[in-house]
Each structure stands twice: as structure tokens, then as C-alpha cells.
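Ready for a few exercises in reading helix packing and pockets? Have the viewer open, try each task yourself, and then compare your steps with the worked solution.

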Amino acid sequence: MPATRIHEVTNDPDARRSFTHGENCFRAYLAGGSVRFLEEAKTSFAAALRRDDLFYLARFYLGITQTQLRETKESIPSLLRLRESGIDFDGQVGLQLAYAHLKQYRDDGYRAADQELEAVARGASERKHSDLYLQAQAMQVFLYAVMAGRMQDESQRPHYATLAVSLGEELLKKGVRGSNERTTNAVLFDIFNGLGIAWMRIGQFGWKGFPDRDTSFKKAEDYYQQAQAVRPNTAPVLQNLGQLREIQSEAITDLNRPEEVSKFRREAREFFERSLEINDHDQFPFFRLAKIAVKDARKADAMALIEIGRAKPGAVSDDEWDKVRQAALKLSEERDATK
């Protein structure tokens with residue numbers, strides 16, 4: 001094999017055809033298509049690699065697709081293999097590694113993601129690569145927002161909410177302009193979605209030094225809607241809107257407002273169910289729907305959602321699944337006790 005070969009391309013026509021089909025499917029998914037497009041993209045990229053193991057662009061896209069399918073145990077080694085081969089794709093490998101680490105939803109993953117993004121931003125700044133620098137900053141907004149809601153050390157959560165809000169709003173104030181529409185939209189989506197998450201968590205936890213709960217929820221709603229305007233009908237935003245409604249229902253402690261609680265919970269359920277129409281390859285919406293079913297005293301629905309959801313890939317811990325299952329089982333025990 002000649003040493004001058006460019007590994008972004010392949011001389012194998014079948015590998016090239018498989019890759020092109022996979023890329024088209026991947027784009028269709030990002031445009032709001034169902035998870036079936038993503039699964040077909042993964043199959044096509046894998047087929048391209050079977051034809052040509054040095055078709056590194058196919059390996060890169062396979063890693064991205066695996067992350068989207070919640071298969072981070074496969075995507076991280078795949079992306080690291082590219083790096084070990086000296087393939088960087090102008091910083092994009094580091095960017096996707098950061099996203100894969102983030103999607104593990106663990107503190108060590110967040111730290112690894114932050115390190116990757118810092119390295120990507122530093123390299124982009126040195127090379128004056130404005131698009132890559134912007135992409136790294138936008139992903140940092142998303143990362144810090146996730147950390148604000150999920151860090152094990154809860155005392156650190158307000159700090160990361162502040163980082164997410166200050167960086168995200170600063171970027172929007174400056175004006176987000178990539179070199180092309182695709183880059184601009186990708187950056188805006190990460191910023192809007194990240195800011196929505198950050199303000200949702202601020203409203204949920206009611207930390208001191210932030211606006212009141214209703215104001216925070218309104219900001220979250222506005223940013224989620226802007227994310228939807230950039231990428232209509234995407235599962236992540238529908239899930240986030242579902243979680244926002246669920247949090248809003250829990251924030252109402254006035255017993256004289258049961259109809260409002262029911263309305264928020266019903267809307268939460270609708271958002272999660274809509275997300276499953278697009279992507280049912282993720283534990284999270286099944287888990288949230290199971291929790292809602294428990295609150296609504298629908299034991300059979302809760303048990304069915306738990307059984308289906310636990311078989312899906314994702315980052316919901318066994319402890320969390322066990323807690324919701326025990327709560328569902330308790331429904332019948334309480335009813336039996338009243339007979």
C-alpha cells in the first residue's frame with residue numbers, strides 16, 4: 001500500500017458506496033428522521049470498513065453513530081484507534097471523543113470530556129480555526145449544563161450552571177457565525193439546548209443568586225424552543241421538554257393546584273412518547289415514562305416500561321431502575337392493604 005495514500009478516501013467502490021449510503025442515512029436522522037436511519041448508517045459504515053479497514057473516514061463516522069446510539073463502550077475505543085493512527089480530521093476526532101465521554105453521564109466522563117474540549121479549543125486557537133473553536137465552546141456549554149444537573153458532588157452544580165449560562169449567553173451576544181450554515185446550526189443547537197438544560201436545573205434546584213423558579217423555567221422553555229427551530233423534531237430536545245414538564249409538576253407544592261400538576265405531567269408524558277417515535281434506542285425516555293406511570297398509579301404500564309427500557313442501551317443506573325421498580329410494586333401492596 002503506498003505511503004502517500006489519503007485515508008479519508010478509499011479505492012474500493014463498494015466501500016465508497018456503503019459509506020455514501022451511511023452518510024445519507026446519518027444526515028436524515030439529524031434532520032429529524034427516526035433512529036432506524038441511524039441504525040442503517042451504522043450498518044453501512046461497518047460494511048465500508050469490512051471492505052477497507054484503512055477507510056478512516058468511515059471509522060470516524062461509525063464512532064459518531066455509535067455514540068448517538070448510546071454505544072459509548074464501542075465508540076470511544078473506535079475514536080481512540082483513529083487518534084493512535086495519527087488521524088485527527090482537523091480536531092473533529094477530539095470533539096467527538098469529548099461528546100462520547102460526556103454521554104457516559106459519569107463524573108470521570110465529564111472530566112475527560114472537559115479535557116478534550118480544552119485541548120481542541122487550544123489547538124483551534126493556535127491554528128486560527130474559528131469553526132472548530134466555536135464548536136468546542138458550544139459543546140462546553142452543553143457539557144457544563146449537564147454537569148449542573150448530574151454531578152455527584154451537588155455543591156459543584158451551581159458553579160457549572162453559572163459556567164454554562166455565562167459562556168452560552170456570551171457566545172450568543174457576540175453572534176454565532178460559522179463558515180457555513182451546517183456549522184452555524186450545529187453550534188446554535190448545542191448552545192440553545194445547553195442553555196435550556198442549565199436554566200431548567202436552576203429552576204429545579206432553586207439555587208441562591210439566580211432568578212426565581214418561574215423565570216428560570218420560562219428561560220429554559222424559550223431556549224428549548226430555539227433549539228427546536230434549528231433542528232425540528234429531534235429526540236434530545238423532546239426529552240428535555242418532557243423532563244422540564246416533569247420538574248414543573250414536582251415544583252408545585254400547593255395541594256389546591258392538582259389540575260395544573262396533572263397538566264404538566266400529561267405534557268411530560270406526551271413529549272417523552274413523541275421522542276420514542278423518533279428514537280426508541282435509549283433507556284432514558286422509558287425510565288422517565290415509568291416514573292410518571294408510578295406517579296399516576298398505573299402499575300401495569302410502569303412495569304412494562306421498566307422491562308422494555310432496561311433492555312435498551314443507555315446510562316440509567318441499575319439502582320435507579322430498581323428504585324422505580326420497587327415504587328411500582330408498592331402500588332399494588334398499598335392497594336391490597338386497603339382491601
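**Exercise 1.** Work out how helix α7 and helix α9 are arranged, and which residues join them.

*Solution.* Begin with the geometry: in this predicted model, α7 (residues 130-150) packs against α9 (residues 181-205) at about 20°, and their axes lie 8 Å apart. Next, classify the angle. Angles under 35 degrees count as roughly parallel, so α7 and α9 are roughly parallel to each other. For the handedness, α7 passes α9 in a left-handed crossing. Now list the partners: on the α7 side they include L134, M139, V141 and F142, and on the α9 side they include V187, I191, L195 and F205. Finally, sort the contact residues by class, which gives 14 nonpolar, five polar and three charged.

**Exercise 2.** Repeat the analysis for helix α1 and helix α3.

*Solution.* Take the axes to start with: those of α1 (residues 13-30) and α3 (residues 56-68) come within 11 Å and cross at roughly 30°. That makes α1 roughly parallel to α3. The crossing of these two helices is left-handed. From α1, the contact uses F19, E23, F26, R27 and Y29, while α3 supplies L57, A58, Y61, I64, T65 and Q68. Sorted by class, the α1 and α3 contact holds seven nonpolar, two polar and two charged residues.

**Exercise 3.** Are helix α12 and α13 roughly parallel or roughly antiparallel to each other?

*Solution.* Look up the crossing angle of α12 (residues 258-278) and α13: it is roughly 150°, with the axes coming within 10 Å. Angles over 145 degrees count as roughly antiparallel, and α12 and α13 are therefore roughly antiparallel to each other. As for handedness, α12 passes α13 in a left-handed crossing. The α12 side of the contact includes R265, R269, F272 and E273, and the α13 side includes F284, F286, R288 and K295. By class, the residues of this contact divide into eight nonpolar, one polar and five charged.

**Exercise 4.** Describe the second largest pocket: its volume, its lining and the elements that contribute to it.

*Solution.* Start with the volume, which is about 800 Å³. Then turn to the lining of 29 residues, where G149, R150, F287, R288 and E320 are the closest to the pocket's centre. Next, ask which elements give two or more residues to this lining: they are α7, α9, α11 (235-251), α13 (283-295) and α15 (318-337). To finish, count the lining of the second largest pocket by class: nine residues are nonpolar, six polar and 14 charged.

Terms used
Residues are numbered from 1 along each chain as its sequence is written. This is a predicted model: local features need pLDDT of at least 70, side-chain atom pairs count only at pLDDT 80 or more; totals for chains, interfaces and linings use all residues. Side-chain values use heavy atoms; hydrogens and water are left out. Axes are lines fitted to C-alpha atoms, for helices over the stretch in contact, and angles run from 0 to 180 degrees between N-to-C directions. Helices (H or I, at least four residues) and strands (E, at least two) are DSSP runs, numbered from the N terminus. Angles under 35 degrees count as roughly parallel, over 145 as roughly antiparallel, 65 to 115 as roughly perpendicular and the rest as oblique. A crossing is left-handed if the near helix is turned anticlockwise from the far one by less than a right angle, and right-handed if clockwise. Contact means heavy atoms within 4.5 Å. Ala, Val, Leu, Ile, Met, Phe, Trp, Tyr, Cys and Pro count as nonpolar, Asp, Glu, Lys and Arg as charged, and the others, Gly among them, as polar. On a 1 Å grid over the protein atoms alone, a cavity is a set of points where a 1.4 Å probe fits but cannot get out, and a pocket is an open set with protein on both sides within 12 Å along at least five of seven lines; lining residues have an atom within 4 Å of a point. Grid points are joined across faces, edges and corners, and a volume is the space filled by probe spheres set on the points.
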